[in-house]
Amino acid sequence: MKQIQPILSAQLLPTLLAQSDALQDELPDETVDLAEGPELEQRDLVIPTAMHGERLDRALAQLLPEFSRSYSQQLLAEGCVNCVLPEARLINKPSIKVRAGEHYQVVLRPTPQSQAFKPEEMALEVVYEDADLRVLNKPAGLVVHPAPGNWSGTLLNGLLALDPQAVMLPRAGIVHRLDKDTSGLMVVARTRKAMDALVAMIAEREVHREYLAVAYRKWNSSNPLREVEGAIGRDYRNRLRMAVVDLERLPGKPAHTSFECLSSQEEACLMRCVLHTGRTHQIRVHMAHIGHPLLGDAMYAGPMQLGISRQALHAYRLRFIHPITGESLAFEAPVPTDMRELMDQLGLQSGLAKT
């Protein structure tokens with residue numbers, strides 16, 4: 001049996017808690033099966049003063065932040081939790097109140113979630129870096145953050161390998177996301193001060209993000225410009241999708257995107273997209289809503305592809321004021337090969353001159 005000594009440090013615990021909180025809505029309940037499977041692990045935990053008088057299941061959920069509270073309750077029910085100091089006893093009631101200084105031994109098997117926050121070497125294209133932040137050019141196909149179905153091989157894992165200090169930051173410094181199959185620019189914090197500032201700047205719409213997209217059908221207006229303000233929420237017909245929703249009837253959040261048609265042919269159009277808010281799948285949903293779903297977008301456009309195997313969306317410009325130095329920063333990422341070839345095929349390449 002693998003022995004883990006000692007306990008989570010007070011410095012690292014808030015970071016892991018924040019990472020766990022960020023994923024909590026997405027994590028399924030784990031199951032405990034001690035009869036077979038991976039090697040068991042023992043954790044030795046000490047109850048800190050701040051948790052004195054807390055329920056045991058809640059204390060375990062905080063001291064084992066990579067596991068859910070329901071998993072901690074299952075551990076108790078399976079007899080996997082023992083108090084060893086000040087007196088040895090088996091604990092199986094989640095409502096028992098803990099006392100500061102008590103020592104517990106917990107036997108558990110790692111779940112995919114518990115393994116998620118690990119460094120993994122990978123080739124990351126760093127466009128810019130300083131002591132406070134990095135700007136990356138994310139390739140299509142790279143998941144940004146661990147989630148069900150993708151507990152490893154994510155940008156977060158790569159960031160932990162690139163910078164060991166990233167473990168001290170919630171989500172390894174990730175302050176915004178790109179969908180797995182969207183390519184382009186992302187800013188990542190390297191210090192907590194920069195991270196807090198960048199999160200606030202994004203919330204206040206002070207980070208300028210421009211995308212290039214190739215969408216189905218000829219642009220359906222004589223005006224190349226269009227503002228779309230449509231709240232986005234879960235599609236009640238398919239919970240895996242997002243949709244433009246009526247906030248008087250369905251839950252959602254306001255969303256605003258500016259579109260400019262740069263080139264248009266019979267089959268498709270090249271669009272510049274500017275995000276004013278950052279909702280899940282925002283550009284993809286808004287483009288589908290106005291009758292121009294993105295090429296290659298199986299979720300919102302169906303099986304049609306016209307020469308590309310992922311949604312034709314690229315975050316090509318990023319501008320913001322450096323949160324620490326106050327310097328004005330601007331970056332541009334070249335259009336990736338698959339999208340450039342698609343534009344050539346569809347006769348949309350001339351639109352790039354307008355960017």
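F331 is buried, with a relative accessible area of 12%, where buried means under 20% relative accessible area, exposed over 50% and partly exposed in between, for a 1.4 Å probe and protein chains only. This is a predicted model, in which local features need pLDDT of at least 70 and side-chain atom pairs count only at pLDDT 80 or more, whereas totals for chains, interfaces and linings use all residues. Residues are numbered from 1 along each chain as its sequence is written, and side-chain values use heavy atoms, with hydrogens and water left out.

**Aromatic cluster**

- Two aromatic pairs occur in the structure; rings of Phe, Tyr and Trp (its six-membered ring) pair if their centres lie within 6.5 Å, and planes under 30 degrees apart count as stacked, over 60 as edge-to-face and the rest as tilted.
- The ring centres of Y128 and F331 are 5.5 Å apart and the planes stand at 50°, so this pair is tilted.
- Because Y128 belongs to strand β6 (residues 125–129) and F331 to strand β16 (residues 328–332), the pair ties together parts that are 203 residues apart in sequence; strands (E, at least two residues) and helices (H or I, at least four) are DSSP runs, numbered from the N terminus.
- Y128 is partly exposed, at a relative accessible area of 22%, whereas F320 counts as buried at 3% relative accessibility.
- For F320 and F331 the centres are 6.3 Å apart with planes at 35°, so that pair is tilted, and it links F320 in strand β15 with F331 in strand β16, eleven residues apart.
- Through these ring pairs, Y128, F320 and F331 are linked into a cluster.

**Nonpolar cores**

- The largest nonpolar core has 31 residues, and those with the most contacts inside it are L155, L159, Y211, F259, M271, I283 and M287; such a core is a set of buried Ala, Val, Leu, Ile, Met, Phe, Trp, Tyr and Cys residues joined through side-chain atoms within 4.5 Å.
- Elements that each supply at least two residues of this core include α5 (155–162), β8 (183–189) and β15 (313–321).
- Apart from this core lies another, of 21 residues, among them I47, M51, L56 and F67.

**Helix α5**

- Seven of the eight residues of α5 are buried, so this helix is largely enclosed by the rest of the structure.
- What covers the buried residues of α5 includes β7 (133–138) and β8.
- Leaving aside residues up to four places away in sequence, L159 touches L124, L136, A166, A172, I174 and V188, contact meaning heavy atoms within 4.5 Å.
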